[in-house]
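Open the model in your viewer and keep the selection tool at hand. Each stop below tells you what to select and what is there.

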Amino acid sequence: MKKLAIVTFIAAGALSLMAAPNAAKLTQKCAGCHGAHFQKKALGVSKVVKNMTADEIVKALEGYQKGIGGPMKGIMKGQVAGYNDADFKAIAKYIKAKD
Ligand code: HEC
């Protein structure tokens, strides 16, 4: 039982380590507008993404991909082109872990 717990712990740790560098790479280009910690209002208009829940972040990104969003959604549509749902989840998790 104890062994199983340790194995689970290590596996979970390895998974989050694997997700992090990928998300770091995926969010590199976001910093210019959103800030390194997603603490800024992008171009003075977006919400502070860091203050959104992970769920809200994923939904917003999925929306932009479909062309749904605020008045400047066109900018974000270009940003998320080529990203998939797993990327969005990794990004949201990464942003929330950065606090
Ligand atoms: C060129 C500047 C720019 C870049 C680069 C950029 N964004 Fe944005 N982002 C914006 C703007 C402007 C908005 C508000 C768009 C709108 O009107 O809905 C926004 C909105 C968002 C929102 C929703 C916030 C809200 O107001 O509802 C999320 C989440 C987000 N961006 C994440 C990202 C991620 C993740 C990346 C990198 C993959 C990224 N952005 C790159 C400018 C940018």
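Which pattern does the protein follow, read along the sequence? The pattern is α-α-α-α-α. Its secondary structure comes to 5 helices and 0 strands. Helices (H or I, at least four residues) and strands (E, at least two) are DSSP runs, numbered from the N terminus.

Two notes before going on. This is a predicted model, in which local features need pLDDT of at least 70, side-chain atom pairs count only at pLDDT 80 or more, and totals for chains, interfaces and linings use all residues. Residues are numbered from 1 along each chain as its sequence is written.

**Stop 1: the whole chain**

Select everything. Of the 99 residues, 15% count as buried. A residue is buried if 20 or more other C-beta atoms lie within 10 Å of its own, exposed if 12 or fewer, and partly exposed in between, with C-beta atoms placed from the backbone. Of the contacts with a separation of 6 or more, 57% are between residues 24 or more positions apart. Two residues are in contact if their C-beta atoms, placed from the backbone, lie within 7 Å.

**Stop 2: the ligand**

Select the ligand, then the residues around it. How many residues surround the ligand? There are 24, and the closest are Cys30, Cys33, Ala42, Ser46 and Gly70. A residue is near a molecule if its C-beta atom, placed from the backbone, lies within 6 Å of it. The elements that give two or more residues to this shell are α2 (31–34), α3 (54–66) and α4 (73–80). The most comes from α4, with 4 residues.

Colour the shell by class: 14 residues are nonpolar, 7 polar and 3 charged. Ala, Val, Leu, Ile, Met, Phe, Trp, Tyr, Cys and Pro count as nonpolar, Asp, Glu, Lys and Arg as charged, and the others, Gly among them, as polar.

**Stop 3**

Select cysteine 33, in helix α2. Cysteine 33 is partly exposed because 18 other C-beta atoms lie within 10 Å. Leaving aside neighbours within four places in sequence, cysteine 33 is in contact with Ala42 and Leu43. From cysteine 33 to serine 46 there are 13 residues in sequence and 9.5 Å in space, C-alpha to C-alpha.

Now select methionine 72, in the loop between α3 and α4. Methionine 72 has 13 C-beta neighbours inside 10 Å, so it counts as partly exposed. Methionine 72 and serine 46 are 26 residues apart in sequence and 8.6 Å apart in space, C-alpha to C-alpha. Beyond neighbours within four places in sequence, methionine 72 is in contact with Leu43 and Val45.

**Stop 4: the loop between α2 and α3**

Most residues other than glycine have a negative phi. Select phenylalanine 38 and leucine 43, which both lie in the loop between α2 and α3. Phi of phenylalanine 38 is positive, near 55°, and leucine 43 has a positive phi of about 50°. Is phenylalanine 38 buried or exposed? Phenylalanine 38 is buried, because 25 other C-beta atoms lie within 10 Å. Leucine 43 has 11 C-beta neighbours inside 10 Å, so it counts as exposed.

**Stop 5: α3 against α4**

Show α3 and α4 together. Their axes come within 8 Å and cross at roughly 95°. Axes are lines fitted to C-alpha atoms, for helices over the stretch in contact, and angles run from 0 to 180 degrees between N-to-C directions. The two helices are therefore roughly perpendicular to each other, a term for angles of 65 to 115 degrees.

Where they meet, α3 brings Leu61, Tyr64 and Gln65, and α4 brings Lys73, Met76, Lys77 and Val80. By class, this contact has 4 nonpolar, 1 polar and 2 charged residues.

Select tyrosine 64, in α3. Tyrosine 64 is buried because 23 other C-beta atoms lie within 10 Å. Not counting residues up to four places away in sequence, tyrosine 64 touches Gly69, Lys73, Met76, Lys77 and Val80.

**Stop 6: the largest nonpolar core**

Of the 14 residues in this core, Ile57, Leu61, Ile91, Ala92, Tyr94 and Ile95 touch the most other members. A nonpolar core is a set of buried Ala, Val, Leu, Ile, Met, Phe, Trp, Tyr and Cys residues joined through C-beta atoms within 7 Å. At least two residues each come from α3 and α5 (85–97), and α5 supplies the largest share, 6 residues. End on leucine 61, which is in contact with Val80 and Phe88, leaving aside neighbours within four places in sequence.

Technical notes. Angles under 35 degrees count as roughly parallel, over 145 as roughly antiparallel, 65 to 115 as roughly perpendicular and the rest as oblique.
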